[in-house]
Amino acid sequence: MSRTETLARPAVRALAASKIREVANAGMGRAGLLAFWFGEPDSVTPDLICNAGVASLQAGETFYTQNLGLPSLREAIAQYVSRLHRPCLTENIAVTNSAMSGLALVQQCLLSPGDRVVAVTPLWPNLVEGPKILGAQVCTVALNFGSTGWNLDLERLLDALTHDTRLLMINSPNNPTGWSMPREQQQVVLAHCRNRGIWILADDAYERLYFEGQPGVAVAPGFQDLAESDDRLLSVNTFSKSWQMTGWRLGWVQAPQALMPDLAKLIEFNTSCAPAFVQRAGVLAVTQGEPAVASFVSRLKQSRDFLIAGLNALPRVTAVAPPGAMYAFFRVQGVTDSLDFCKRLASEFDLGLAPGVAFGPEGEGFIRWCFAASEDRLADGIARLERALERL
Ligand SMILES: Cc1ncc(COP(=O)(O)O)c(C=O)c1O
């Protein structure tokens, strides 16, 4: 045995590396490759938001901030959440360096080795692997795919939420399927978790990228609409998707006030704080960014419809329009090894897509395509997939 082989903890060595990255690492940066494998828009952050970040730097805001974030940003987020959901106090908001960081902090805050965590899958792999770093055990409840898209068998989820479950993780609208948990299911799950003392971690990254809502401000049904202030609910959110700010690394956690001192300690010992200029851009986004969100969502809806129609016109492909998020998660008849299929799409056809199996075994046979892209690029991608399907 080499001396370095034993360095990392067994729990870390056992983590599954991201299969999206496995495909992407081989082709990233290659000239001519058309990539839709990551979850990010091909458009840059709106000017107004960028300008706020630049102005902050020019004003000399290059110092540490409070662990829980600038008071002005915490207050602005609380008002934003209150507009969309139920009233929320500044004291319920912790600013984090991305939703990814927020998820890790919440998991560190709640999970001990051996704890049982339940997750609804297919799911973005980062959510499922995080608890394992802490020695917790993740049990999955798989959505079913039918002619109307992805659905949850509620009884199966309730059965999985046993008395000894510590945490339920729900991402709705969901990456990769777009599945959005209906309000009635949220009510039942919240009541069940309340009875059993189970924490709910709602990953609300895509709550604004929702195509089914009433006219006006688009937002998916969320647990925050239903929860009382003492419910064991944590909502993790991000600036990455709604305001096209993936590279800024800014998010927040909405949590019961009693948890805040412990979250503040964890922030100190993980990242200490988010950069001041990034937080200033965040203030602009939540206070004046509504027109930008609205135009992004309407563009996304068009590109969703364009891509789904294009995919369904191909032989062997079944695609259902997702109600939320920014991915088509479609099935290709005859594909039983989506990882190998996506590697070949990248290497032989210059098309970068994510393999369904990256999101759990129930995603095998499916492919994920991020449609936050221009119609020209999507059309080019569909043509490449068509050529590939003639050969693979
Ligand atoms: C479900 C989900 N949660 C969280 C994130 C991470 O967001 P952030 O960029 O803030 O880390 C992503 C990113 O793809 C996601 O799909």
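1. The buried residues of α3 are Ile49, Ala52, Gly53 and Ser56 (buried means 20 or more other C-beta atoms within 10 Å of a residue's own, exposed means 12 or fewer, partly exposed is in between, with C-beta atoms placed from the backbone). They sit on the same side of α3, because they cover an arc of only 95° around the axis (the arc is that of the directions from the helix axis to the C-beta atoms). On the other side of α3, Asp47 and Gln58 are exposed.

2. A word on provenance: this is a predicted model, where local features need pLDDT of at least 70, side-chain atom pairs count only at pLDDT 80 or more, and totals for chains, interfaces and linings use all residues. Residues are numbered from 1 along each chain as its sequence is written.

3. Back to α3: its 12 residues (47–58) should span 16 Å at 1.5 Å a residue, and the end C-alpha atoms are 16 Å apart, which agrees (the expected span is 1.5 Å times one less than the number of residues). After α3 comes Gly60, with a positive phi near 85°.

4. Now the ligand. Among the 13 residues around it, Ser98, Ala99, Met100, Thr238 and Ser240 come nearest (near means a C-beta atom, placed from the backbone, within 6 Å).

5. As for the whole protein chain, it has 13 helices and 15 strands (DSSP runs, numbered from the N terminus: H or I of at least four residues for helices, E of at least two for strands). Buried residues make up 50% of its 392 residues. The C-alpha atoms fill a box of roughly 60 × 55 × 50 Å along the principal axes.
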